[in-house]
Amino acid sequence: MAGKFHVPDYRYHTLVVKVENKSGVLARLAALFSRRGFNIESLAVAPTDDARFSRITVVVDLESAPLEQIIKQLDKLVNVVEIRELHPGHAVERELMIVTVEAGPDRRDELVEHLDRAGGKVLSVGTDSMMLSLVGPPKRVDDFEELLHPYGIIELQRTGRVALANLDEAD
Amino acid sequence: MQMDGGQALIRALELEGVDVMFGLPGGAILPVYDPIIDSSIRHILVRHEQGAGHMAEGFAHATGRPGVAMVTSGPGATNIVTPLCDAHMDSVPLVVITGQVPYAAIGTDAFQECDTTGITQSVTKHNFLVSDAQDIPRTIKEAFHIATTGRPGPVLVDIPKDIVDPGNPRSAMEWTDDVEMDLPGYNPRTDVDPAAIRAAAEMIRAAERPVLYVGGGVLKARAAEALRRLAEMTGIHVVTTLMARGAFPDSHELCLGMPGMHGNFTAVTAMQEADLLIALGARFDDRVTGRIDGFAPGAKIIHVDIDAAELGKVRRPDVAIQGDCRVAIEALAEVFAADGAGDTDRDAWRSRISGWQERFPLYYEPSQPGDSLKPQFVIERLRDATPDDTIVASGVGQHQMWASQYWCFDHPYTWVNSGGLGTMGFCIPAAIGAKVGCPDKMVWAVDGDGCFQMTAQELVTATVENIPIKVALLNNSYLGMVRQWQEMFYDERYSEVFLSKDVPDYKAWAEAMGCVGMRVDSPEDVDAAIAKANEIDDRPVVIDFRVSASEKVYPMVPSGASNSDLVVPPSQQDLPR
């Protein structure tokens with residue numbers, strides 16, 4: 001586990017938690033957060049390249065509990081193998097958004113222009129709507145979502161963030 | 001070797017050195033009960049699954065070995081949740097085996113199905129649901145390893161019926177003697193950081209008003225001897241928390257007794273006034289600290305704990321030492337043995353302490369002729385009439401506090417009680433478990449009448465299984481501690497705390513359960529009844545001591561108050577502090 005703790009100058013911190021790939025592990029982690037009163041901002045789970053382990057990327061709210069206590073309690077879960085703490089300034093963070101927006105023929109060009117600038121893709125086009133996707137740092141995804149509001153969001157889905165340490169800071 | 005899962009389970013328990021287990025069979029666990037007949041393990045059949053759990057706890061408290069309980073699925077499992085939680089709070093090593101419906105039936109709301117691993121997740125150190133008979137030996141090995149290493153705690157193993165039922169092909173497995181544990185995320189740390197030890201030693205040498213704040217972790221680490229050496233070589237006074245009574249001899253001149261909400265004045269005040277607290281296997285529980293921002297305001301903190309999450313959880317330590325208490329204590333003692341414990345002048349501190357001890361001893365008004373019996377008097381007489389190494393178990397409430405205050409604990413592992421969870425009903429089954437683990441020691445259960453009625457049926461178990469414990473029932477017809485709070489903080493408005501003066505008839509009830517029953521109403525009859533009980537060794541004894549209901553536990557730190565606002569008995573209230 002992380003031996004030293006960054007001074008938490010951000011409200012939200014990302015923890016990358018390597019866990020045994022066994023049934024019920026996510027429930028253990030979620031139950032721990034609920035039992036200790038820690039708040040989760042977002043959560044993403046996926047298998048790793050090693051089938052025995054999964055990686056849980058969890059963004060924690062440090063207003064609910066000190067980072068050190070969250071990490072130490074997580075580390076007590078027998079199925080938790082490793083915890084890496086990613087400081088927001090020293091990690092690559094990505095999030096995926098898929099969104100359906102109201103877009104009649106007259107507004108499509110403008111929308112696509114915004115989308116190109118943000119680095120997103122058009123997934124499909126309907127009569128009065130478009131489905132778009134964007135992968136990017138959470139802030140860029142936030143900003144793009146903001147920008148879509150005036151058009152009328154019909155449906156929106158975000159994954160929660162995943163993250164890895166910057167190359168030169170990986171240990 | 002070909003085996004079925006049930007045989008493998010019992011074999012795996014035998015290999016872990018289990019010679020006794022507590023339990024009650026039922027449908028889902030039935031196949032595992034068959035190989036018990038051919039096993040060397042003694043199985044003690046309880047009357048309620050909660051009893052099995054507390055017996056296993058009492059066994060573990062008294063022996064230091066993991067307690068083992070086995071129950072069926074559904075209600076069997078839910079009935080043992082309280083002991084699991086109790087053991088989790090007090091770091092008691094337990095392995096609990098629960099039956100489960102067949103693997104394929106899980107999730108169908110089958111008969112006597114419950115989500116045992118889900119329900120017990122937050123009250124166990126870890127739990128397992130075994131899906132394959134072949135995994136049983138490894139899982140049992142892992143369960144004992146997790147329960148007994150690092151910070152000890154309860155581990156539950158949930159066993160679906162089909163993998164232990166010889167009639168089911170899924171129970172077939174190949175036994176091998178060498179199974180490897182697979183716990184990549186479990187690496188408890190026991191060694192200590194030498195730099196932190198040196199920093200702690202420096203701080204101890206410089207302290208003018210140090211106190212050793214000793215918690216249950218010292219007992220778990222089998223560190224009583226090491227602690228005594230450390231205390232004597234440094235001359236530092238010791239307080240032992242409710243979970244650590246006996247970790248340092250009460251009769252030792254450096255012992256200040258128990259701190260906390262009902263701690264004695266000197267222990268509480270010495271901590272408040274200290275400039276250094278050396279916390280050893282203690283977790284700054286609210287019942288010890290009182291209002292946390294008013295706790296030991298001038299003290300630096302050295303905190304030794306095997307659980308990293310305890311360091312800084314409640315109070316930020318100046319020196320944090322993660323690791324085994326015994327290793328840490330011995331390392332500190334080594335430093336002092338090599339370079340001396342320093343020469344800081346502590347004469348003024350010592351004289352303040354002895355002043356508090358003289359002015360504020362534990363005190364109750366002795367009864368005058370014709371007065372009713374005082375519970376504290378019963379404890380004192382019992383203490384003086386029993387061997388030094390008598391094991392005392394208690395329930396939760398006034399009787400527990402009086403027992404912890406007025407007993408003289410000179411040996412480790414002689415005090416068995418429920419601290420963190422505060423489980424009424426703990427006493428009788430825990431005393432039974434302690435007696436099973438230590439058959440040559442005298443075991444007295446000091447219980448209250450409220451607690452006794454919650455689990456007294458286990459005296460039937462004690463009689464049938466020939467486990468001769470002795471019960472001192474401090475019967476005041478009330479839920480005494482709740483009554484005390486209502487008297488002090490709710491304007492004497494007594495709400496739902498009076499039980500009954502007449503029923504049950506405890507003597508007759510005890511006799512009905514195969515025990516010797518006695519009743520004592522007056523102080524003059526106390527000694528004779530205790531002497532008679534001490535003579536009996538072929539069955540349990542219950543003495544119904546009819547004690548005064550108006551006695552209160554003093555001193556007391558009111559809930560939410562600072563420890564500096566400790567309320568002392570009326571006769572001490574005007575003395576200078």
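**Ground rules**

I noted that this is a predicted model, in which local features need pLDDT of at least 70 and side-chain atom pairs count only at pLDDT 80 or more, while totals for chains, interfaces and linings use all residues. Residues are numbered from 1 along each chain as its sequence is written, chains are lettered from A and ligands numbered from 1 in the order in which they are written, and side-chain values use heavy atoms, with hydrogens and water left out.

**Chain A, the sheet**

I started from strand β1 (residues 12-20) of chain A, which is joined to β4(A) by 6 bridges, the two strands running antiparallel. Strands here are DSSP runs of E with at least two residues, helices are runs of H or I with at least four residues, and both are numbered from the N terminus. Two strands are taken as paired if DSSP finds at least two bridges between them.

I then followed the whole sheet, which is open, has 4 strands in the order β2-β3-β1-β4 (chain A), and is paired antiparallel. At its edges I found β2 (39-47) and β4 (80-86) of chain A, each with a single partner strand, so one side of each has no neighbour in the sheet. On average, neighbouring strands of this sheet are turned by 20° against each other, direction ignored; the axes are lines fitted to C-alpha atoms, for helices over the stretch in contact, and angles run from 0 to 180 degrees between N-to-C directions.

Next I looked at helix α2 (residues 67-76) of chain A, which lies across β1, β3 (53-61) and β4 of chain A and runs at about 160° to β4(A). Contact, here and below, means heavy atoms within 4.5 Å.

**Chain A, two domains**

For chain A the domain assignment gives domain 1 (12-86) and domain 2 (92-165), such bounds coming from an automatic or database domain assignment. Taken over C-alpha atoms, the centres of these two domains of chain A are separated by 28 Å, and 9 residues of domain 1 are in contact with 8 residues of domain 2.

Between them, domain 1 and domain 2 of chain A bury about 630 Å², with 60% of it on carbon and sulfur atoms; buried area is the accessible area (1.4 Å probe) that two parts lose on being put together, summed over both.

I did find 2 residue pairs in polar contact between domain 1 and domain 2 of chain A, both residues of a pair being at pLDDT 80 or more. A polar contact is a pair of N or O atoms within 3.5 Å; within protein, one must be able to donate a hydrogen and the other to accept it, and residues adjacent in sequence count only if both atoms are side-chain atoms.

**Where chain A meets chain B**

How many residues does each chain give to the contact between chain B and chain A? I read 18 residues from chain B and 18 residues from chain A, with about 1,400 Å² buried between the two chains, of which carbon and sulfur atoms give 47%.

Across this interface of chain B and chain A I noted 2 salt bridges and 6 residue pairs in polar contact. In one salt bridge, A:Glu68 is paired with B:Arg316, and their closest N and O atoms are 3.4 Å apart.

**Chain B**

I turned to an open sheet of 6 strands in chain B, with the order β3-β2-β4-β5-β7-β6 and parallel pairing. Its edge strands are β3 (42-45) and β6 (126-129) of chain B, each of which pairs on one side only.

The domain assignment divides chain B into domain 1 (2-174), domain 2 (194-359) and domain 3 (375-546). I compared domain 1 and domain 2 of chain B, whose centres are 38 Å apart over C-alpha atoms, and whose contact takes 10 residues from domain 1 and 7 residues from domain 2. Between these two domains of chain B I counted 2 salt bridges, and I noted that B:Glu310 forms a salt bridge with B:Arg151, the closest N and O atoms being 2.8 Å apart.

Definitions and conventions
A salt bridge is a side-chain nitrogen of Lys or Arg within 4 Å of a carboxyl oxygen of Asp or Glu.
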